[in-house]
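The following note sets out points for a colleague who is reviewing this model. Please read the points alongside the sequence and the coordinates.

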Amino acid sequence: MHLVRVKICGVTTPAEARFAADCGADALGLNFYPKSSRFITSDQATRIVRELPPFTAAVGVFVEADDIDVVATAARFGLRGVQTYTADPPRTDFHPAAHIPAFRVNDASSLATIRDFVAATLSAGRPPAAVLVDSFVAGEIGGTGHVAPWELLAGFDPGVPLILAGGLTPENVGDAIRAVRPWGVDVASGVEASPGRKDRGKVRAFVQAVRAAAAELAAENRVSG
Ligand SMILES: O=C(O)c1ccccc1NCC(=O)[C@H](O)[C@H](O)COP(=O)(O)O
């Protein structure tokens, strides 16, 4: 069975979260970066997390946040994972939350940075749970809607699970999965009606497209195996 996990990032209401979970999303991203159009307050986060079914993970998104604040937020909202954006490779592992450092990729040196980071954390005995590979857009951090360089990422093995993000949509996510073969995929703007507001049809279509591409790869593996 070829599994590709799905995270719908930047949900801002309990209804959005519940809908995405009911469509089959494995994880939902709660954005704690105050400058994001998808930022949610603590009250919103409390209401969203309360609405989640038992098998759906909440993942917090943090940008240059203080490590102690990240740990406290993860504990307060029962976050299964923390997705961090930092200028320098992060040094904390955030246990018991799964750490998902995000890397913005534009060339081969970005891949070397990821490999070096994973190698260093592996030898220190605290590797990240996964790395999230996002697109690089000068002056922006995440949620840009710009497609990451799939051709560069094809065959890239960081040594831990790879989550592909950046400009994914219901229309292109199947091609992205076939090209990059990620462990998981992540989307924010590609399933929105407007910044910070999810579009139900797009959320449903995105999860269905991921499941269809994964099933296709599984069938290919059975034939070639
Ligand atoms: O979504 C944001 O506004 C955001 C802002 C700053 C850092 C990260 C942010 N989002 C993180 C995500 O996981 C997004 O899903 C990922 O960047 C992909 O976004 P998109 O290209 O819009 O699908």
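1. Which residues does V185 touch, not counting residues up to four places away in sequence? V185 touches V4, V6, I163, L164, L168, V173, A176, I177 and V210. Contact here requires that the C-beta atoms of two residues, placed from the backbone, lie within 7 Å.

2. The model is predicted: local features need pLDDT of at least 70, side-chain atom pairs count only at pLDDT 80 or more, and totals for chains, interfaces and linings use all residues. Residues are numbered from 1 along each chain as its sequence is written.

3. On overall architecture, 7 helices and 10 strands are assigned to the protein. Helices (H or I, at least four residues) and strands (E, at least two) are DSSP runs, numbered from the N terminus. The radius of gyration is 16 Å, close to the 17 Å given by the globule rule for 225 residues, so the protein is as compact as a globular protein of that length. The radius is taken over C-alpha atoms, and the rule is 2.2 Å times the number of residues to the power 0.38. The C-alpha trace spans about 50 × 40 × 35 Å along its principal axes.

4. Burial and contact order follow. Of the 225 residues, 42% are buried. A residue is buried if 20 or more other C-beta atoms lie within 10 Å of its own, exposed if 12 or fewer, and partly exposed in between, with C-beta atoms placed from the backbone. Among contacts between residues at least 6 apart in sequence, 56% join residues at least 24 apart.

5. The largest nonpolar core has 59 residues, of which I8, L28, V133, L164 and V185 touch the most other members. Such a core is a set of buried Ala, Val, Leu, Ile, Met, Phe, Trp, Tyr and Cys residues joined through C-beta atoms within 7 Å. L164 belongs to strand 7 (residues 162–164). L164 is buried, having 26 other C-beta atoms within 10 Å. Leaving aside neighbours within four places in sequence, L164 is in contact with V133, A148, L153, A176, V180, P182 and V185. The C-alpha atoms of L164 and A176, 12 residues apart along the chain, are separated by 8.4 Å.

6. V173, A176, I177 and V180 are buried in helix 6. They cover an arc of only 100° around the axis, which puts them on the same side of helix 6. The arc is that of the directions from the helix axis to the C-beta atoms. An α-helix has 3.6 residues a turn, so residues three or four places apart point the same way.

7. Most residues other than glycine have a negative phi, and most peptide bonds are trans. R181, which follows helix 6, has a positive phi near 55°. E64 is found in the loop between strand 3 and helix 3 (67–77) and is exposed, with 11 other C-beta atoms within 10 Å. The peptide bond from H95 to P96 is cis, with omega near 10°. P96 lies in the loop between strand 4 and strand 5 (98–105).

8. The ligand shell comprises 27 residues, of which C9, G142, G143, A188 and S189 come nearest. Strand 2 (27–31), strand 3 (57–63), strand 4 (81–85) and strand 8 (184–187) are the elements that give two or more residues to this shell. By class, the shell has 10 nonpolar, 14 polar and 3 charged residues. Ala, Val, Leu, Ile, Met, Phe, Trp, Tyr, Cys and Pro count as nonpolar, Asp, Glu, Lys and Arg as charged, and the others, Gly among them, as polar.

9. Some C-alpha separations involve helix 7 (residues 200–224), where Q208 is found. Q208 and P170, 38 residues apart along the chain, have C-alpha atoms separated by 8.2 Å.

Note on methods:
Near = placed C-beta within 6 Å.
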